[in-house]
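Subject: Structure handover

Hello,

Here is the structure I promised you. Please open it and keep it beside this email as you read.

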Amino acid sequence: GLASPAWRRDGSAVAYVSSTSAGGAVISNGPTMYIYTVPYNGHAGGAATPLAGASDPTYHEFYPVYSPNDTLLAFNRTASTCDFSATNGPNNTHCENSYNQPAAELFIVSGGGGSAQRLRANDPPACTALTSPGLTNAWPRWAPQAQTFGEYNYYWIVFSSKRRPATGLNPQLYVAAVVTKGTGASE
């Protein structure tokens, strides 16, 4: 199943979720959920390849989205602990599909692949007594442009989370900064 396509902003490739099955264009299901990329290549396409850092078999990775200038890719990750045996079936607690997944956390990786980094924004303030995973930190989206000051680049990411007890743990939107240093290939 193919789900959650995300174009690079330069139009050169598409990132998507490759999973056992998909539904509703964004929802992934099954024991495998990895992020792949495929080149656009002037309508010719090319080989689909797993994105390093977002295609680890010990995790489910889903909901990819490129940052401005395609420098980073944000995505969701959960542990891959599904038991798809005939006795448990795909509906046990750890085998929910990607939609509204309580264990989802936000990660970023270089737009060309690399080592995935967990965002500290997954963690709510200590005064809530809540911890992540378990807060449905999901649906990352980038602000349309990064801002540069000196040698630092400031990206803004918006995501949904169920971390606020005052709302009955209903989803709310949160904003976090991602700061990088350098430019171009050395950022």
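Below is what was found, from the whole chain down to single residues.

**Ground rules**

This is a predicted model, so local features need pLDDT of at least 70 and side-chain atom pairs count only at pLDDT 80 or more, while totals for chains, interfaces and linings use all residues. Residues are numbered from 1 along each chain as its sequence is written, and side-chain values use heavy atoms, with hydrogens and water left out.

**The whole chain**

The protein chain has twelve strands and zero helices. Both come from DSSP runs, numbered from the N terminus: a helix is H or I with at least four residues, a strand is E with at least two. Of its 187 residues, 39% count as buried. Buried means under 20% relative accessible area, exposed means over 50%, and partly exposed lies in between (1.4 Å probe, protein chains only).

The accessible surface comes to about 9600 Å². Carbon and sulfur atoms hold 56% of that surface. The areas come from the Shrake-Rupley method with a 1.4 Å probe; for residues, only the protein chains shown count as cover.

Now the contacts (heavy atoms within 4.5 Å). Take those in the protein chain with a separation of 6 or more: 50% of them join residues 24 or more positions apart.

Two strands pair if DSSP finds at least two bridges between them. In general, strands of a sheet pair through backbone hydrogen bonds, either parallel or antiparallel.

Strand 5 and strand 6 share six antiparallel bridges. They form a hairpin with five residues between them. In that turn, N69 has a positive phi of about 65°. Strand 5 is mostly covered, with seven of its eight residues buried.

Strand 6 (residues 72-79) also pairs with strand 7, antiparallel, over six bridges. Follow R77 in strand 6: E61 stands opposite R77, and R77 stands opposite E105 in strand 7.

Next, T78, also in strand 6. Is T78 buried or exposed? T78 counts as buried, because its relative accessibility is 6%. Leaving out residues up to four places away in sequence, T78 touches Y59, H60, F62, Q101, A103 and A104.

**A buried loop residue**

L135 sits in the loop between strand 8 and strand 9 (138-142). L135 counts as buried, because its relative accessibility is 4%. Its contacts, not counting residues up to four places away in sequence, include P102, N122, P124 and L130. L135 also touches S161, K162 and R163. L135 and S161 are 26 residues apart in sequence, but 5.9 Å apart in space, C-alpha to C-alpha.

**The second largest pocket**

A pocket is found on a 1 Å grid over the protein atoms alone: it is an open set of points with protein on both sides within 12 Å along at least five of seven lines, and lining residues have an atom within 4 Å of a point. The second largest pocket has a volume of about 170 Å³. That volume is the space filled by probe spheres set on the points, which are joined across faces, edges and corners.

Which residues lie nearest its centre? They are T71, L72, V109, S110 and E187, out of eleven lining residues. Strand 7 (residues 105-110) gives the largest share of the lining, three residues.

Best wishes

Conventions. On a 1 Å grid over the protein atoms alone, a cavity is a set of points where a 1.4 Å probe fits but cannot get out, and a pocket is an open set with protein on both sides within 12 Å along at least five of seven lines; lining residues have an atom within 4 Å of a point.
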